[in-house]
Amino acid sequence: MRTKHITPDWLPKKGTRGLFLIEEPNRAHISVMNVAMQMLTDRRTHDYYFPDGWIFAACVNPEKGGYDVNTMDLALKDRFAIFDTEYDNASFIEFITVNTWHHNVINFVESGT
């Protein structure tokens, strides 16, 4: 007996392009981090290959600062360009307003102030 994984319907389709966001991989079990490593190295997971035109990004909380995270090994970390950012709600609201984002998004972001 062998386990066969079924490709989820929500994975990117051939002929599309976009950003595949890996949300907080450093909160995941090592087995999930290994899948992320395969995606970043080989652009695949199991029998699924990511189409051209897709880029990968991740958002993580820092290891220091009281967050419940796991240490990512250096090989996985080295596959990312790391940027430290601080969120400024007022600047973001100004940006999305000037760039005429959908009013529902603007209202949602404004409701958090």
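I began with a definition: a residue is buried under 20% relative accessible area, exposed over 50%, and partly exposed in between. I also noted that this is a predicted model.

**Entry 1: Arg27 and its partner**

I looked up Arg27. Its relative accessibility is 45%, so Arg27 counts as partly exposed. Which residue forms a salt bridge with Arg27? I found Glu24, with the closest N and O atoms 3.4 Å apart. Glu24 has a relative accessibility of 23%, so Glu24 also counts as partly exposed.

**Entry 2**

How many salt bridges does the structure hold? I noted two. Besides Glu24 with Arg27, I found Lys77 with Glu63. Here the closest N and O atoms are 3.3 Å apart. I then checked where the two residues sit. Lys77 belongs to helix 2, residues 74-77. Glu63 belongs to the loop between strand 4 (54-59) and helix 2. The pair therefore ties together parts that are 14 residues apart in sequence. Lys77 is at 28%, so Lys77 counts as partly exposed. Glu63 has a relative accessible area of 37% and is partly exposed too.

**Entry 3: Asn26**

Next I turned to Asn26. I located Asn26 in the loop between strand 1 (18-23) and helix 1 (30-42). Is Asn26 buried or exposed? Its relative accessible area is 3%, so Asn26 is buried; the cut-off is under 20%. I then listed its contacts, leaving aside neighbours within four places in sequence. They are Met33, Val60, Asn61, Val69, Asn70 and Met72. I looked again at Asn61. The backbone oxygen of Asn61 is 2.8 Å from a polar atom of the Asn26 side chain.

**Entry 4: helix 3 against helix 4**

Last, I looked at two helices. Helix 3 covers residues 89-98, and helix 4 covers residues 103-110. They pack at an angle of about 170°, and their axes are 10 Å apart. Angles over 145 degrees count as roughly antiparallel, so helix 3 and helix 4 are roughly antiparallel to each other. Which residues make the contact? From helix 3 I noted Asn89, Phe92, Ile93, Ile96 and Thr97. From helix 4 I noted Val105, Ile106, Val109 and Glu110. I sorted this contact by class: six residues are nonpolar, two are polar and one is charged.

Key: Residues are numbered from 1 along each chain as its sequence is written. This is a predicted model: local features need pLDDT of at least 70, side-chain atom pairs count only at pLDDT 80 or more; totals for chains, interfaces and linings use all residues. Side-chain values use heavy atoms; hydrogens and water are left out. Axes are lines fitted to C-alpha atoms, for helices over the stretch in contact, and angles run from 0 to 180 degrees between N-to-C directions. Helices (H or I, at least four residues) and strands (E, at least two) are DSSP runs, numbered from the N terminus. Angles under 35 degrees count as roughly parallel, over 145 as roughly antiparallel, 65 to 115 as roughly perpendicular and the rest as oblique. Contact means heavy atoms within 4.5 Å. Ala, Val, Leu, Ile, Met, Phe, Trp, Tyr, Cys and Pro count as nonpolar, Asp, Glu, Lys and Arg as charged, and the others, Gly among them, as polar. Buried means under 20% relative accessible area, exposed over 50%, partly exposed in between (1.4 Å probe, protein chains only). A polar contact is a pair of N or O atoms within 3.5 Å; within protein, one must be able to donate a hydrogen and the other to accept it, and residues adjacent in sequence count only if both atoms are side-chain atoms. A salt bridge is a side-chain nitrogen of Lys or Arg within 4 Å of a carboxyl oxygen of Asp or Glu.
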